[in-house]
Amino acid sequence: MRTYDLSPLSRSTIGFDRLLNLAETAQRAAEDTYPPYNIERLSEDRYQISLAVAGFSPDEISITAEQNVVTIEGTKTEQTKREYLYRGISTRQFKRQFSLADYVQVKGATFDNGLLQIELVREIPEAMKPRRIAINGAPAAYANVHKIEANAA
């Protein structure tokens, strides 16, 4: 895969630091594929990240959520020396970061059958949600009605 040097853009732009950081993070993430993961949309405002962490126990994994980034780190502590004839299950330590959109928060995590599942929810504050504004003036039902004077015959 090609790598691009984004430093010339950093020197000539002002205020785009976050965008450039996201581009660099995406570029680095494409290079590392361990551990494999899925990102699912469960509903309009609910998401789930699933990581395949076979060989790890829940106490060997840490999840940190700060601002717009969730970081998952795994450190394997080998208790006994084993002699492997073939070792196909990788248990190397890892650090995987996911950038989150604004107002997306980590709600919880579960560990089941070698899958770490992280639940994410987008909660937009009430002040940021769209609201209907009332229009002062004539009621809408009578806006196009013209009054006709009736004369008694």
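In this predicted model, the side chains of K76 and E60 meet in a salt bridge, with 3.3 Å from N to O. The pair links distant parts of the chain, since K76 sits in the loop between strand 4 (69-74) and strand 5 (94-99), while E60 sits in the loop between strand 2 and strand 3 (61-66), 16 residues apart. K76 is partly exposed at a relative accessible area of 28%, whereas E60, at 11%, counts as buried because the cut-off for that class is under 20%.

**Other salt bridges**
- The structure holds five salt bridges, and one of them joins R46 to E119, whose closest N and O atoms are 3.8 Å apart.
- K107 forms a salt bridge with E123 at 3.3 Å between the closest N and O atoms, and because K107 lies in strand 6 and E123 in the segment after strand 7, the pair ties together parts 16 residues apart in sequence.

- Four strands form an open sheet in the order 1-2-7-6, with antiparallel pairing.
- Strand 1 (37-43) and strand 6 (104-112) each have a single partner strand, so one side of each is left without a neighbour in the sheet.
- Six bridges join strand 1 to strand 2 (residues 46-52), and N38 stands opposite S50 in strand 2.

- I124, placed in the segment after strand 7 (115-122), is partly exposed with a relative accessible area of 36%.

How values were computed:
Residues are numbered from 1 along each chain as its sequence is written. This is a predicted model: local features need pLDDT of at least 70, side-chain atom pairs count only at pLDDT 80 or more; totals for chains, interfaces and linings use all residues. Side-chain values use heavy atoms; hydrogens and water are left out. Helices (H or I, at least four residues) and strands (E, at least two) are DSSP runs, numbered from the N terminus. Buried means under 20% relative accessible area, exposed over 50%, partly exposed in between (1.4 Å probe, protein chains only). Two strands pair if DSSP finds at least two bridges between them. A salt bridge is a side-chain nitrogen of Lys or Arg within 4 Å of a carboxyl oxygen of Asp or Glu.
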